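This report walks through selected features of the structure shown below, beginning with a sheet and ending with a pair of helices.

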Amino acid sequence: MGKNKIEVPVMSDLFARGERPEYLFWVGCAGAFDDRYKKVVRAFVKILTHLNVSYAVLGKEETCTGDPARRAGNEMLYQMQAMQVISVLKGYEIKKIITICPHCFNIFKNEYPDLDGNFEVISYLQLLARFVEEGKLRIDKTSLKNISVTYHDPCYLGRANDIYDEPRFILNKLTGNFVEMHRNKSFALCCGAGGAQMFKEAEKGDKEIFIERTEDALKTGASVIATACPFCMTMLTDGLKYKNREEEIKNLDIAELVAQAMDL
Amino acid sequence: MTRQIIFALVFLITIGAFYYTISRLIVYFRLTRPAFKVKDFGKRFGIMMRVAFGQTKIFRRPFIGFFHALVFWGFCVIIFGSIEMVIDGITGTHKVLKFLGQFYDILIASGDIFAILVALSIIIFLSRRLFFHIKRFEGIEMKRRSHTDAGISLSLILLLMISLMTMNMGYIGYKELTGGSIDGIYPVSRILISLFPGIAAETFKLIYEASWWTHILTIFFFANYLPYSKHFHVFMSIPNVFLSRLEPLGKLTNMESITREVRLMIDPNTAFAAAPAETPVGRFGVKDAEDVTWKNYFDSLSCTECGRCTSVCPANITGKKLSPRKIMMDLRARMKEKGPLMVKNGRDFSDNRSLLRDFISEEELWACTTCNACAQECPVNINHPSLIVDMRRYLVLEEASAPGELKAVFNNIENNGAPWQYSAEDRLQWAKDLEINII
């Protein structure tokens with residue numbers, strides 16, 4: 001089996017050649033800088049390449065959407081970031097954005113319109129689900145050899161934006177052994193990282209939230225914890241380490257599971 | 001006639017007292033800030049039918065939710081009987097709504113059935129509070145007063161239901177013995193009455209009269225007790241659901257005052273385009289009761305202290321100080337404390353206390369993950385995270401106060417465009433040496 005090198009298309013190059021890709025793939029800060037999450041982005045780009053999706057990334061021109069600043073109360077910094085991002089996106093005549101981070105998804109979809117940033121925003125899970133449905137992304141129940149998988153709903157896809165079905169649709173295609181945690185969908189417990197908590201120590205309490213949530217996942221007996229958010233991934237992977245279970249139980253993003261199942 | 005006059009007097013006093021209490025609460029709305037324009041009535045009506053009348057969010061706890069739904073639906077039916085009693089009381093008529101015919105029979109029969117169902121539900125609620133340890137009824141914000149209040153409200157409802165049942169029993173008992181025709185259908189009271197044979201017609205009449213007065217006077221008292229109680233949700237919940245925020249839970253409200261400033265920084269020319277000082281720039285974010293929106297205050301009045309929000313809060317579950325219920329209770333308490341002072345001395349009046357710090361600590365505010373579990377759970381669609389973030393906004397924008405790590409995040413975003421201290425130059429590192437298998 002041979003390998004092909006992937007050159008990730010960068011918006012400024014394409015634009016200079018007069019090309020207008022259909023989608024902007026917004027990588028996000030975690031995708032750019034978090035070593036573990038970079039692998040998720042790589043897996044997702046393999047899928048995009050495999051499906052011949054017309055896309056480009058901003059690369060060095062990408063910057064923080066302002067989400068952590070906004071949720072930590074710094075509206076001034078958020079709006080400055082947001083206006084900068086919007087003006088870059090408009091400069092490249094971007095109409096459609098694929099996001100992989102739920103926090104970026106939420107802010108593009110729900111909050112940028114208030115600052116005249118109106119784009120069609122699509123979560124990578126919605127895109128993947130659509131390709132599976134259309135038969136372009138061929139995965140089947142034996143893809144994961146019936147390994148048991150559970151799914152942790154990220155707050156900013158789930159409660160914040162009602163995206164519950166797409167991840168389950170994909171996972172149920174990948175394995176015949178999908179199990180729910182007892183707190184799932186709109187009842188799901190936060191991993192503890194939202195609202196800028198990712199970047200600070202938790203307030204004093206008697207337990208860490210990520211441990212509470214990891215215990216939910218462990219109780220299912222699943223050998224894969226599927227996540228769909230960079231922060232949830234950090235938290236649950238930490239949880240598995242804390243519980244000394246990281247050898248036997250894997251925390252993988254849905255994009256990684258799909259790429260793996262397709263042997264990309 | 002004397003009876004009518006006495007009734008009318010009592011009724012007037014009830015209305016008067018109620019009006020006085022409510023007008024005092026309503027006047028505080030004038031101190032609040034705008035939230036959103038109330039439109040999309042069709043959508044709002046749909047939400048009201050689902051969440052309020054359909055009790056969909058209450059049913060997220062199916063067992064106890066079922067009993068609450070019984071109480072709610074019971075109230076919806078029984079209220080017609082109460083309206084009839086008021087008309088009868090004032091005009092001297094007897095069962096005035098009977099002209100409704102079959103519909104009347106259905107109303108009265110449902111009321112009669114619901115009376116016992118509501119009574120049983122209330123007994124379950126009371127015993128849960130008295131004999132079981134329900135975690136969500138505890139918490140630092142749950143003072144003895146809250147528990148007493150719950151006990152009083154539940155007992156009053158129980159009294160209402162018992163008096164309704166004895167009233168119905170007295171009515172049919174008397175009518176049957178004296179051969180009068182019975183208006184309405186009473187399936188449950190008929191069964192109950194057969195358990196007490198040998199009661200004289202006069203006794204039945206006495207039971208009926210006593211129950212009638214007990215029932216209506218309890219309603220009058222209850223209506224005036226509610227605005228001072230957590231059970232104010234009996235009045236507030238349906239309007240609060242109707243006035244729900246219609247946006248996705250994940251959306252935070254844009255601060256227009258900041259948008260103006262940022263646009264000014266980016267393009268100073270807009271300074272002339274924008275109408276200057278048309279809206280006085282108040283405080284950024286929420287420090288005290290007068291900084292909240294009318295919707296926040298409405299939320300606080302609608303809170304039943306049920307604690308569903310707190311019981312799903314990840315911070316609270318893991319022992320942090322934050323309790324979303326407390327945020328709502330604190331706002332209500334603070335408005336009650338400062339509202340009258342501001343009404344008297346103006347909106348700028350300071351009593352050297354504030355919602356922030358004297359009621360809600362920074363530690364509570366910084367513990368929120370904005371996961372929206374509280375807002376998702378609230379049976380009356382209260383939105384806690386928006387208020388929490390508004391209070392963070394005050395801290396950051398007015399006091400430049402935030403946990404050190406977050407200040408570092410702000411710096412990083414400002415300087416490198418990322419919450420971490422990495423250079424934008426490295427943003428494409430992940431794309432290096434990327435290969436795909438040829439399938």
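## A sheet in chain A

In this predicted model, chain A holds an open sheet of 4 strands, whose order is β3-β2-β4-β5 and whose pairing is parallel. The edges of this sheet are taken by β3 (55-56) and β5 (120-123) of chain A, each of which has a single partner strand, so one side of each is left without a neighbour in the sheet.

Within the sheet, strand β4 of chain A, which covers residues 96-99, pairs with β5(A) in the parallel sense over 4 bridges. One of the residues concerned is A:K96, whose bridge partner in β5(A) is A:E120. As a general point, the strands of a sheet pair through backbone hydrogen bonds, either parallel or antiparallel.

## Where the two chains meet

Pairing of strands also links the chains, for strand β1 of chain A (residues 3-5) is joined by 3 bridges to β1(B), and these two strands run antiparallel. Here A:K5 has B:E435 as its bridge partner in β1(B).

Taken as a whole, the contact between the chains involves 60 residues of chain B and 68 residues of chain A. On the side of chain B that touches chain A, the elements that give two or more residues are α9 (256-266), α13 (314-317), α16 (362-366), α17 (373-377), α18 (384-399), α19 (404-416) and β1 (435-437) of chain B. Sorted by class, that side of chain B has 36 nonpolar, 12 polar and 12 charged residues.

## A buried alanine in a loop

The loop of chain A between β7 (178-179) and α9 (209-219) contains A:A193. Because 27 other C-beta atoms lie within 10 Å, A:A193 is buried.

Leaving aside residues up to four places away in sequence, A:A193 touches A:M198, A:F231, A:C232, A:T234 and A:M235, and also B:T369 of the other chain. Although A:A193 and A:F231 are 38 residues apart in sequence, their C-alpha atoms are 6.0 Å apart in space.

## Two crossing helices in chain B

In chain B, the axes of helix α1 (residues 2-27) and helix α3 (residues 62-91) come within 7 Å and cross at roughly 130°. Helices α1(B) and α3(B) are therefore oblique to each other.

On the side of α1(B) the contact is made by B:Q4, B:F7, B:A8 and B:F11, while α3(B) contributes B:V86, B:G89 and B:I90. By class, this contact of α1(B) with α3(B) has 5 nonpolar and 2 polar residues, and no charged residues.

Conventions
Residues are numbered from 1 along each chain as its sequence is written. Chains are lettered from A and ligands numbered from 1 in the order in which they are written. This is a predicted model: local features need pLDDT of at least 70, side-chain atom pairs count only at pLDDT 80 or more; totals for chains, interfaces and linings use all residues. Axes are lines fitted to C-alpha atoms, for helices over the stretch in contact, and angles run from 0 to 180 degrees between N-to-C directions. Angles under 35 degrees count as roughly parallel, over 145 as roughly antiparallel, 65 to 115 as roughly perpendicular and the rest as oblique. Two residues are in contact if their C-beta atoms, placed from the backbone, lie within 7 Å. Ala, Val, Leu, Ile, Met, Phe, Trp, Tyr, Cys and Pro count as nonpolar, Asp, Glu, Lys and Arg as charged, and the others, Gly among them, as polar. Two strands pair if DSSP finds at least two bridges between them. A residue is buried if 20 or more other C-beta atoms lie within 10 Å of its own, exposed if 12 or fewer, and partly exposed in between; C-beta atoms are placed from the backbone.
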